[in-house]
Amino acid sequence: MISDQCLLHVMFLRARKCISIFFVEFQMHFARDYSGTAWIHSLVDCTTMLCAPLGSLIGNHLSCRVAVILGGFLASIGLVLSSFATSLEYLYLSLGVLTGLGFALCYTPAIAMVGVYFCERKALAYGIAMSGSGIGTFVLAPVVQLLIEHYSWRGALLILGGLVSNLCVCGALLRPIALREREAYPLPVNSECGCGASPQGAVGPELERPPQPGEQRCLQPLQEYQFLLMPNFLALAGSFLFLASGCSLPFVYLVPYALDVGVSHHHAAFLMSILGVIDIVGNVTFGWLTDRRCLKQYRSVCYMFAVGMEGLCCFLVPLLRTFALLVPFSVLYGYFDGAYVALIPVVTSDVVGTRYLSSALGVVYFLHAFPYLVSPPIGGWLVDTTGTYTATFLLSGFALLSSALLLATVTAVRHCQAIPRNRPGKDRTREKCEAQQPDFMTTNKDLLIRNPATL
């Protein structure tokens, strides 16, 4: 299962991130400004996240296998069609919308299945599975650059489309999980999809009486999204909005910024490779650390720390103007990027539970859609207006720090509110215990009245 997830993230997640390597090629070929070219990357990210609930829906009601195979087919077709692009608007539809839709159908089901398969060491499992994204960045970034140099950007997109078609094979390898529960409990369970249903859920009280067909159709959509009323999930959702506003900008503008300060094309692409390798370390080490008994209850704190450190790294980018100085940025940013990416589904699962994980992840990634859509063009507009990348990276750092500070503030407020609630409870318990203790004078007086011989 873990190997399947690694392959999925190699083929898809970092294939999406490597689209930023085409940024300069598109800009030069179509003679467009930064803002117009940035819409391609923003549309890919936006469509992927906007249609994430659709991937959850297909995964829950058909199977994760069907969702990933269909998504791989659409993503491959989108990349192949993009190789024949005649305008930037053509790429908006083929690469931005069609490929993004294919990635969306793959993303949520693939991530949700890990949470269903693993319970005890969930963070480590997510870390190992998502380490495939770092491997993909390390391998694909220089490979895509070489393909562009030898076959132009059109040939590189065509070959990348064939590579992404292997998502269909990876989707076919996703094995069912609910077979044992179906044999033990003859209830209507989808045997090919582990998404949205945990092994523990098959014996829960809610499955003691199977709902009637009409009742099931009415209540199932509402039950899948009950977590939307949880205050903790609403705070987490607000944090994700700020996170999505800042996390995509370094991936879009790191290579153009490196080229702008005089770094060669190969070294600029190598920065993405370094980021990908360290991303693997962040995935695995943070996953392992947050599964330790001493840190397991502080996963949200670890998540806030990782996001905050990413924001601080972005604030330092305008001071880094050589390849030797940009390497430490790639190392630090890649490490904390891998850390928080591995913790997003874990923190979400801790808040909503395994039963709602697939639907919750669909909503979480849906919240990324609008920030992913507008932040790269805004960053490009800042570059066009100011003539430098300073404002773009400062915007990214501010958004990431705001994400961490918002979640930290809400957590601190809820903790402070819980303290006064506990104190009256202790006082009432003390009063109850004192009321149960006999009064010495009253008891002696009653004894004297009842038994005068004691005088």
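Helices here are DSSP runs of H or I, at least four residues long, numbered from the N terminus. The model is predicted. H17 gives the largest share of the second largest pocket's lining, with four residues. H13 and H14 pack at an angle of about 150°.

**Helix pair H13 and H14**

- Helix H13 spans residues 299–316, and helix H14 spans residues 323–352.
- Their axes lie 8 Å apart, at an angle of about 150°.
- Angles over 145 degrees count as roughly antiparallel, and H13 and H14 are therefore roughly antiparallel to each other.
- The crossing of H13 past H14 is left-handed.
- On the H13 side, the contact includes Arg299, Tyr303, Phe305, Met309 and Glu310.
- On the H14 side, Phe329, Tyr333, Phe336, Asp337, Leu343 and Asp350 are among the contact residues.
- By class, this contact of H13 with H14 holds 18 nonpolar, one polar and four charged residues.

**Helix pair H4 and H5**

- Helix H4 (residues 52–61) packs on helix H5 (residues 64–82) at an angle of about 135°, with axes 6 Å apart.
- That angle makes H4 oblique to H5.
- H4 makes the contact through Gly55, Ile58 and Gly59, and H5 through Cys64, Val66 and Ala67.
- The contact of H4 with H5 has four nonpolar residues, two polar and no charged.

**Second largest pocket**

- The lining of the second largest pocket divides into eight nonpolar, four polar and four charged residues.

**Cavities**

- The model has three cavities of 30 Å³ or more.
- The second largest cavity has a volume of about 70 Å³.
- Ile21, Val24, Glu25, Gln145, Val255, Leu259, His265 and Ala268 line the second largest cavity.
- Helices H2 (23–30), H11 (231–260) and H12 (265–290) are the elements that give two or more residues to this lining.
- The lining of the second largest cavity comprises five nonpolar residues, two polar and one charged.

Notes:
Residues are numbered from 1 along each chain as its sequence is written. This is a predicted model: local features need pLDDT of at least 70, side-chain atom pairs count only at pLDDT 80 or more; totals for chains, interfaces and linings use all residues. Side-chain values use heavy atoms; hydrogens and water are left out. Axes are lines fitted to C-alpha atoms, for helices over the stretch in contact, and angles run from 0 to 180 degrees between N-to-C directions. Angles under 35 degrees count as roughly parallel, over 145 as roughly antiparallel, 65 to 115 as roughly perpendicular and the rest as oblique. A crossing is left-handed if the near helix is turned anticlockwise from the far one by less than a right angle, and right-handed if clockwise. Contact means heavy atoms within 4.5 Å. Ala, Val, Leu, Ile, Met, Phe, Trp, Tyr, Cys and Pro count as nonpolar, Asp, Glu, Lys and Arg as charged, and the others, Gly among them, as polar. On a 1 Å grid over the protein atoms alone, a cavity is a set of points where a 1.4 Å probe fits but cannot get out, and a pocket is an open set with protein on both sides within 12 Å along at least five of seven lines; lining residues have an atom within 4 Å of a point. Grid points are joined across faces, edges and corners, and a volume is the space filled by probe spheres set on the points.
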